[in-house]
Amino acid sequence: MDHLKKTNEFLYAEGALPKKFKYLMAMAFDAVHGAIPGVHFLAKQALEMGATKEEIAEALRMAYHFGGIGSVYIGSQGLNGLFDYTET
C-alpha cells in the first residue's frame, strides 16, 4: 500500500502537466475502461484542481473518440450528481 500511495503522489504531482490535466486524463481512461466510480472521483478531483465543465466534457469527447460509444454512457453516469442542471 505504501508503494501504491507513493506512486499516486508521484503521478499526480505538479510537473510538466498541471494536476488538473492529469486528473482529466485519468478520468478519460476510466471512462474508456468502464469505471463509473473512477470517472466520478477523478472528475471531482479535476474540478477541485480548477478544471471547468467544458474541460471535463472535452476530455470525455476524447474518451469517446478513442474508446467508443460506451465511454459516453460511462462518462455520463460518472458525472451524475456533480453538476447542478436546474439552471435555465
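**Packing chat**

Author: Let's start with Y23, which is buried, at a relative accessible area of 12% (buried means under 20%, exposed over 50%, partly exposed in between, with a 1.4 Å probe and protein chains only). This is a predicted model, where local features need pLDDT of at least 70 and side-chain atom pairs count only at pLDDT 80 or more, while totals for chains, interfaces and linings use all residues. Residues are numbered from 1 along each chain as its sequence is written, and side-chain values use heavy atoms, with hydrogens and water left out.

Reader: Where do Y12 and Y23 sit?

Author: Y12 is in the loop between α1 (2–11) and α2, and Y23 is in helix α2, so to speak 11 residues along, and the pair links distant parts of the chain. Helices are DSSP runs (H or I, at least four residues; strands would be E, at least two), numbered from the N terminus. Y12 counts as partly exposed, at 21% relative accessibility.

Reader: Switching to charges: how many salt bridges are there?

Author: Two, where a salt bridge is a side-chain nitrogen of Lys or Arg within 4 Å of a carboxyl oxygen of Asp or Glu. One joins the side chains of K20 and E55, at 2.9 Å from N to O. K20 lies in helix α2 and E55 in helix α4 (residues 53–67), so this pair ties together parts that are 35 residues apart in sequence.

Reader: Is K20 buried or exposed?

Author: Buried, with a relative accessible area of 18%. E55 is partly exposed, at 25%.

Reader: And what is K20 in contact with?

Author: Leaving aside neighbours within four places in sequence, K20 is in contact with A46, M49, G50, A51 and E55. Contact means heavy atoms within 4.5 Å.

Reader: Which side chains make the other bridge?

Author: R61 and E58, at 4.0 Å from N to O. Both lie in helix α4, three residues apart, about one turn of the helix. E58 counts as partly exposed, at 48% relative accessibility.

Reader: OK, the core. Which residues have the most contacts inside the largest one?

Author: L24, M27, V39, I56, L60 and L79, in a nonpolar core of 18 residues. Such a core is a set of buried Ala, Val, Leu, Ile, Met, Phe, Trp, Tyr and Cys residues joined through side-chain atoms within 4.5 Å. The elements giving two or more residues are α2, α3 (36–48), α4 and α5 (70–79), and α2 gives the most, with six.

Reader: What does L79 touch, I mean, what is L79 in contact with?

Author: Apart from neighbours within four places in sequence, V39, A43, I56 and L60.

Reader: Which residues form the nonpolar patch on the surface?

Author: L17, F21, M25 and F29, with about 380 Å² of accessible area together. Patches are made of residues with over 30% relative accessible area and no salt bridge, joining like charges within 9 Å and nonpolar side chains (Val, Leu, Ile, Met, Phe, Trp, Tyr) within 5 Å. The areas come from the Shrake-Rupley method with a 1.4 Å probe, and for residues only the protein chains shown count as cover. F29 counts as exposed, at 51% relative accessibility.
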